[in-house]
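User: Please take a close look at one helix in this model and at what surrounds it in the rest of the chain. I would like a single connected account, with the confidence values included.

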Amino acid sequence: MQFRTLPLYAVLLMVILPSCSKYYLPSDAKPTNYRMTVAEEPADTDPLYAIIAPYKTALDGKMNSVIGEVSGRLFKEKPESPLGNWVADALQTETQAISKGAIDASVQNYGGLRIPELPAGPVTLGKIYELMPFDNMQVIVEMSGSTTQRFFDLIAADGGWPVSKEVQFVLKGKRADRLTISGKPIDPQATYRIALPDYIANGGGDADFLIDLPRENTGQFVRDLLIRHVQKLTEQGLPVSAISNGQRILWGD
């Protein structure tokens with residue numbers, strides 16, 4: 001079996017050129033296997049570089065654009081952290097703005113935050129993509145009080161996830177003890193609308209009991225809601241900021 005190496009720029013051309021070219025199908029062809037690699041880059045003198053360069057420059061320029069300012073280092077840790085608190089609160093604000101009804105709380109799975117911190121200083125569009133690189137959609141799941149308790153017990157069992165300021169519970173073993181939402185104990189007979197990534201709503205993170213529950217699809221990427229929130233803060237002359245004082249997820253006895 002024969003393998004040939006395709007450099008990265010050749011792979012990019014496969015994506016770029018079909019959108020502006022006619023297609024010609026050969027009447028007879030011999031199959032050949034190609035091994036793709038990112039080990040090679042086109043030199044400045046390579047004719048293909050002239051084709052790729054404008055796309056790379058445009059993308060780099062967009063990702064390096066500053067969209068806001070972080071007032072102080074926001075780091076990630078369990079059970080609660082400044083970065084997790086900011087993300088959950090931002091999602092609560094932006095999801096509520098586009099939802100058809102009231103949202104009781106917002107949750108982001110801990111593993112969905114892909115960088116350990118947002119450092120103090122300018123924050124670029126690319127940095128938010130690093131924080132949230134996956135194309136997860138934001139949804140609102142309707143759950144009974146008993147299922148809500150089960151969901152937050154799952155979060156407690158994993159050591160804590162980012163939750164919005166409406167949520168408070170005591171981390172006691174693998175249970176979310178004394179769980180309250182907006183200061184009120186969970187009512188087993190009530191219905192709660194919890195905003196979260198579709199990855200979790202579709203059963204990720206051992207949350208398979210959420211799969212068949214009613215949901216509202218926002219049609220928005222989680223990442224885009226965070227970008228929108230940073231941009232709104234900037235328009236208002238406000239920085240990205242959050243604190244973690246252990247008042248959402250408290251350590252049990």
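Analyst: A residue is called buried here when its relative accessible area is under 20%, and exposed when that area is over 50%. The model is predicted, so the cut-off is applied to predicted coordinates.

By that cut-off, the buried residues of helix 7 are Val222, Arg223, Leu225, Leu226, Ile227, His229, Val230 and Leu233. Helix 7 covers residues 222-235, and at 1.5 Å a residue its 14 residues should span 20 Å. Just after helix 7, Gly237 has a positive phi of about 75°.

Confidence comes next. The chain has a mean pLDDT of 86, with 78% of its residues at 70 or more. Residues 1-27 have a pLDDT below 50, and in the model this stretch makes 39 contacts beyond near neighbours in sequence. The pLDDT is also below 50 over residues 34-39, where 15 contacts of that kind are found.

Helix 5, residues 145-157, lies across strand 9 and strand 10 (175-181), and runs at about 125° to strand 10. Three aromatic pairs are found in a search of the whole structure. One of them joins Phe151 and Phe152 edge-to-face, at 5.5 Å centre to centre and with 65° between the planes. Phe151 is buried, at a relative accessible area of 0%, and Phe152 also counts as buried, at 0%. Phe151 forms a further edge-to-face pair with Trp161, where the centres are 6.3 Å apart and the planes are at 75°. Phe151 belongs to helix 5 and Trp161 to the loop between helix 5 and strand 9, so this pair ties together parts that are ten residues apart in sequence. Trp161 counts as buried at 4% relative accessibility. Phe151, Phe152, Trp161 and Phe169 make up one aromatic cluster.

Strand 9, which helix 5 lies across, belongs to an open sheet of four strands in the order 11-10-9-14, with mixed pairing. Strand 11 (184-185) and strand 14 (249-251) are at the edges with a single partner strand each, so one side of each has no neighbour in the sheet. Strand 9 covers residues 167-172 and runs parallel to strand 14, joined to that strand by three bridges. Within this pairing, Leu171 has Trp251 of strand 14 as its bridge partner.

Six of its seven residues are buried, so strand 12 is largely enclosed by the rest of the structure. Strand 12 pairs in the antiparallel sense with strand 8 (residues 137-144) over seven bridges; in that pairing, Val141 has Ile194 of strand 12 as its bridge partner. Strand 5 (residues 105-106) runs parallel to strand 12, and two bridges join them. There the bridge partner of Ser106 is Ala195 in strand 12.

Definitions and conventions. Residues numbered from 1 in each chain as written. Predicted model: local features only at pLDDT ≥ 70, side-chain atom pairs only at ≥ 80, totals over all residues. Heavy atoms only, no water. Pairing = 2+ DSSP bridges. Contact = heavy atoms within 4.5 Å. Axes fitted to C-alpha atoms, helices over the stretch in contact; angles between N-to-C directions. pLDDT = per-residue confidence, 0-100. Buried < 20%, exposed > 50% of the residue type's maximum accessible area, 1.4 Å probe, protein only. Expected span 1.5 Å × (residues − 1). Phe/Tyr/Trp six-rings, centres within 6.5 Å; stacked < 30°, edge-to-face > 60°.
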